[in-house]
Amino acid sequence: MSEVKGFKVFNPDWTCRGFQYEVGRTYEQEQSPSVCDTGFHFCKEAKDCFNYYSFDPNNKVAEVIALGAVAEEGDKCSTNKLQIVREISWEELLTLVNIGKGNSGHSNSGNWNSGNWNSGNRNSGNRNSGDSNSGNRNSGNRNSGNWN
């Protein structure tokens with residue numbers, strides 16, 4: 001089995017679904033992994049973690065390595081042997097989940113976007129494309145409000 005690198009989100013106390021984790025430790029289960037059923041869950045891309053967890057800076061995020069069998073379904077993975085390699089700072093995480101410069105939120109491309117899933121430059125809100133939009137789901141340039 002080859003190693004699979006990824007990312008995992010935890011509650012502020014390093015728990016996930018009632019299980020206590022610790023950076024630097026390796027966890028193993030006897031069961032075969034099955035996504036959304038058994039095993040230790042993670043995502044290969046940091047941005048994909050936030051399809052399942054809120055983008056909350058109080059939560060912990062770690063780089064992980066799957067050392068056992070891996071089951072994959074869409075953007076989510078499960079393994080029966082997981083190593084918690086290191087904590088990812090929120091500053092580093094913002095760089096990992098965004099493309100461009102000066103973005104906040106997640107899954108933004110372009111520059112100076114706030115909110116989530118924006119492309120283009122200087123957008124605020126969510127799911128905007130183009131430049132200088134505020135609000136949500138705008139396309140084109142210089143829109144304010146929603147669905148323009």
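This is a predicted model: local features need pLDDT of at least 70, side-chain atom pairs count only at pLDDT 80 or more; totals for chains, interfaces and linings use all residues.
Q: Which residues of helix H1 are buried?
A: Buried means under 20% relative accessible area, exposed over 50%, and partly exposed in between (1.4 Å probe, protein chains only). Helices (H or I, at least four residues) and strands (E, at least two) are DSSP runs, numbered from the N terminus. In H1, residues 90–97, the buried ones include Trp90, Leu93 and Val97. These lie on the same side of H1 because they cover an arc of only 50° around the axis, the arc being that of the directions from the helix axis to the C-beta atoms. Glu91 and Thr95 are exposed on the face turned away from the buried side.

Q: In what order do the strands of the 4-strand sheet stand?
A: Strands of a sheet pair through backbone hydrogen bonds, either parallel or antiparallel. Two strands pair if DSSP finds at least two bridges between them. Here the open sheet has the order S1-S6-S9-S4, with antiparallel pairing. S1 (4–10) and S4 (26–28) are at the edges, each with a single partner strand, so one side of each lacks a neighbour in the sheet. S1 and S6 are joined by 7 bridges; valine 4 has alanine 66 in S6 as its bridge partner.

Q: How many bridges pair S7 with S8?
A: The antiparallel pairing of S7 and S8 (residues 76–79) runs over 4 bridges, and glutamate 72 has cysteine 77 in S8 as its bridge partner. Both strands belong to an open sheet of 3 strands, ordered S5-S8-S7.

Conventions: Residues are numbered from 1 along each chain as its sequence is written. Side-chain values use heavy atoms; hydrogens and water are left out.
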